[in-house]
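Visitor: I'd like to learn how to read a model like this one, feature by feature. Could you walk me through it?

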Amino acid sequence: MSEKVTSLASGNEGNLRDHAFGYLARVKGGDMGSMPAILGVIILAGVFEFLSPFFITKLNFANLFVQSAELTMLSSALVFVILIAEIDLSAGVTGGVALAVFIDLIKAEKWPWIPALIAGFVAGILIGVVIGFLVAKIGVPSFVVSLAFFLGFQGMQLVLLGDGGVYRIEVPAVIAIMNSNLPLWGGWLLLLVCITCSLSFSIWDRGRRARTGLDNKPLSIVVIRLGILSMLGTAAVYYMNLNRSMGQVPIKGVPIVTPITIVILAIGTFVLDRTRFGRHLYAVGGNPEAARRAGIKVVGIRISAFIICSFLAVVSGVFHASRIGSVDGTAGHTIVLSGVAAAVVGGVSLFGGRGRLAHAAIGALVISMIDNGLGLLQMPAGISYLVQGGVLLMAATIDALSRRRNGSVSRT
Amino acid sequence: MTNPVPIIELRGITKSFGPVDVLKGINFKVYAGQVTALVGDNGAGKSTLIKGLAGVQPYDGGTVHFAGEQIEINSPTQASSHGIEVVYQDLALCENLDIVQNMFLGKEVMKGGTLNEPEMELQATKALKSLSVKTVKAVRQKVSSLSGGQRQTVAIARSVLRESKVVILDEPTAALGVAQTEQVLNLVRNLANQGVAVIMISHNISDVFEVADQISVLYLGGLVANLTTKDSTYDEVISYITGTKTQEGVK
Ligand SMILES: Nc1ncnc2c1ncn2[C@@H]1O[C@H](COP(=O)(O)OP(=O)(O)OP(=O)(O)O)[C@@H](O)[C@H]1O
Ligand SMILES: [Mg+2]
């Protein structure tokens, strides 16, 4: 490393080419972000399309999208705890318990669905508070606490719903999330709103930097990023607006779960990137002692992370129930490891302090593609687990290696 | 002496751990705009003396005076409310955050409820420039990519942002090579030139002679010498540290 440079730079100067090289250098240095996952998506798409002509079809495209939504939400939930180098193995069953509360209140207590749903979310939040308290205040390792809850909640689900009980969800609004679509114009409007928001944030940020007297990254980077977003978005909306039905009744439009997911991810990203809470969450994940000395209330941040995780886990549970159309005592039992896998595959570091919600979304897409693609090839379910396990192991190994390369293993 | 009233004055400080008297009535003065080196052999009580000032481990007896007025320091918050900032040897930086984010950690500049990144970047750049920092390439680098000396630089520059009046450095050059040591010592000098009182703990006597204005020597829990750097010699300091020489009138 050259130590003699005479003036201070921000890291924003230079043209597009310099920034491209800078990115490559960071990747080489081990800071890969979601790059491997994006490559994974492309390769998987190619392989599965080659092996199964049905893989890239309108119907399967929409299926894949809907399937990955609940995993995206769960792994986004987990990002909040993984960022502080903790884990919540009970996230899946937390969703299950919340659903059990929801359905129980509707069926047994005859509550209207909205208060019942709110009660489900409150249950989720309370679970987050308890886990967070035990981990952050008492100091029980999160692995153990959440494993205990993982087991305990399976019991609670059975108690609430009875052994073998399967309850149909008769709430059209909940069923609609995964099974209904936006009108055709709704998809385009959604795309327009996304592009406008992204553009506004860029313009706003650049304007503020300029007013402060700081330099900006080359405009071409914004243009390229926006161009890619518009192109992918246009293609996706166009494709989903085509009729994908194999029967008589046409099915077309962007699934309703899409805007819900986008809004939640956008809010989460905003919180992580632009608020004091988000900054402190990363700091606690990077070096809790440094955070404490900087005056950050580390315990509070930790508990909040578990609360957010449980809350989003309930959202994921609702997506799941909507897709299945019913709630039973096993909801959420198996998804949590896929959620962890998705986050790690997407580039979230298990060591804490590094990762974004977008990483979780891309990772979830990879895991869903494996599941979906192998299913189409009529592989037994065992193979899918095997492959997912292998991918998780690979991603975690890459994570550990890149951390070594970063020279940050000195601290344990 | 440039400043008649010391910014920090300790009078008759005592501290014991059980039967062991670690500090035996220390009188210690620190002046604004000066680097005061605190030297002494292992176990002499340097860190214990500093921890009391930082508020992490209160003294048993004696008084602390800030610019002539007696104050109480019983917690780190009280210490920092008086503008006393400690740069610990382990630095306590978040490697996953960049330089600006680290410098403003816990004291973020906000605007409309969100982080005001441009303002923080500007102030961080100014602080680094005011110390004539030349070793840091870009303020938006992650700390994980910085060398030991660069990290020390960031940790010291952070105290400039907080407008500290007294900055305490615990062995700032301990783990550094020749070139980086030189840079950090320059930084320490620049910090003092801005009017900050710097207390530097060091085992490296040549570093001390290079940068310090005053040298205070601790020996087995007693302050055995207060020396002005330019009037003393390397051998003299060594003999105080090892206890082969004692100064009149310090106790
Ligand atoms: N918490 C404690 N409990 C008991 N004894 C302590 C404690 N902290 C320090 N001591 C003792 O006080 C004495 C002074 O320790 P201190 O850490 O202040 O020395 P130091 O001058 O900083 O040494 P070094 O140069 O090795 O860092 C030592 O004998 C040490 O064993
Ligand atoms: Mg010490």
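This is a predicted model: local features need pLDDT of at least 70, side-chain atom pairs count only at pLDDT 80 or more; totals for chains, interfaces and linings use all residues.

Visitor: Okay, on to chain B. What is the strand order in the open sheet of six strands there?

Guide: The general idea first: strands of a sheet pair through backbone hydrogen bonds, either parallel or antiparallel. In chain B the order runs 6-9-10-3-11-12, and the pairing is mixed. The edges are strand 6 (84–87) and strand 12 (222–228) of chain B, each of which pairs on one side only. From one strand to the next, the twist averages 20°.

Visitor: Which helix packs on the sheet by strand 6 and strand 9 of chain B?

Guide: That's helix 5 (residues 148–161) of chain B, which touches both of those strands. Its direction makes about 175° with that of strand 6 of chain B. As for the two strands themselves, strand 6 and strand 9 (residues 166–170) of chain B pair in the parallel sense over four bridges. If you want a landmark for that pairing, B:Ile84 stands opposite B:Val166.

Visitor: What are the pairing partners of strand 3 of chain B?

Guide: One is strand 10 (residues 197–201) of chain B, paired in the parallel sense over four bridges. There, B:Val35 stands opposite B:Val198. Another is strand 11 (residues 214–219) of chain B, again in the parallel sense, this time over five bridges. On that side, look for B:Gly40 opposite B:Leu218.

Visitor: And are the faces of strand 3 of chain B covered or open?

Guide: In a regular strand the side chains alternate between the two faces of the sheet. So you check each face in turn. In strand 3 of chain B, one side has B:Val35, B:Ala37 and B:Val39, the other has B:Thr36, B:Leu38 and B:Gly40, and all are buried. That makes six buried residues of six in strand 3 (residues 35–40) of chain B.

Visitor: Now cysteines. How many disulfides are there over all chains?

Guide: The count is zero. The rule asks for a pair of cysteine sulfur atoms within 2.5 Å. Take A:Cys194: the closest cysteine sulfur, in A:Cys197, is 6.9 Å away, so it is too far for a bond.

Visitor: Is A:Cys194 buried or partly exposed, and what about B:Cys94?

Guide: A:Cys194 has 21% relative accessibility, so it counts as partly exposed. The cut-off for buried is under 20%. B:Cys94 is buried, with a relative accessible area of 0%.

Visitor: Which residues have a positive phi although they are not glycines?

Guide: Among them is B:Ala67, with a phi of about 50°. B:Ala67 is in the loop between strand 4 (61–66) and strand 5 (69–71) of chain B, and at 43% relative accessibility B:Ala67 is partly exposed. B:Glu171 is another, at about 45°, in the loop between strand 9 and helix 6 (178–193) of chain B.

Visitor: One last stop: where is A:Ala266?

Guide: You'll find A:Ala266 in helix 10 (residues 257–274) of chain A. A:Ala266 is partly exposed, with a relative accessible area of 45%. Its C-alpha is separated by 8.7 Å from that of A:Leu357, 91 residues apart along the chain.

Definitions and conventions. Residues are numbered from 1 along each chain as its sequence is written. Chains are lettered from A and ligands numbered from 1 in the order in which they are written. Side-chain values use heavy atoms; hydrogens and water are left out. Buried means under 20% relative accessible area, exposed over 50%, partly exposed in between (1.4 Å probe, protein chains only). Two strands pair if DSSP finds at least two bridges between them. Axes are lines fitted to C-alpha atoms, for helices over the stretch in contact, and angles run from 0 to 180 degrees between N-to-C directions. Contact means heavy atoms within 4.5 Å.
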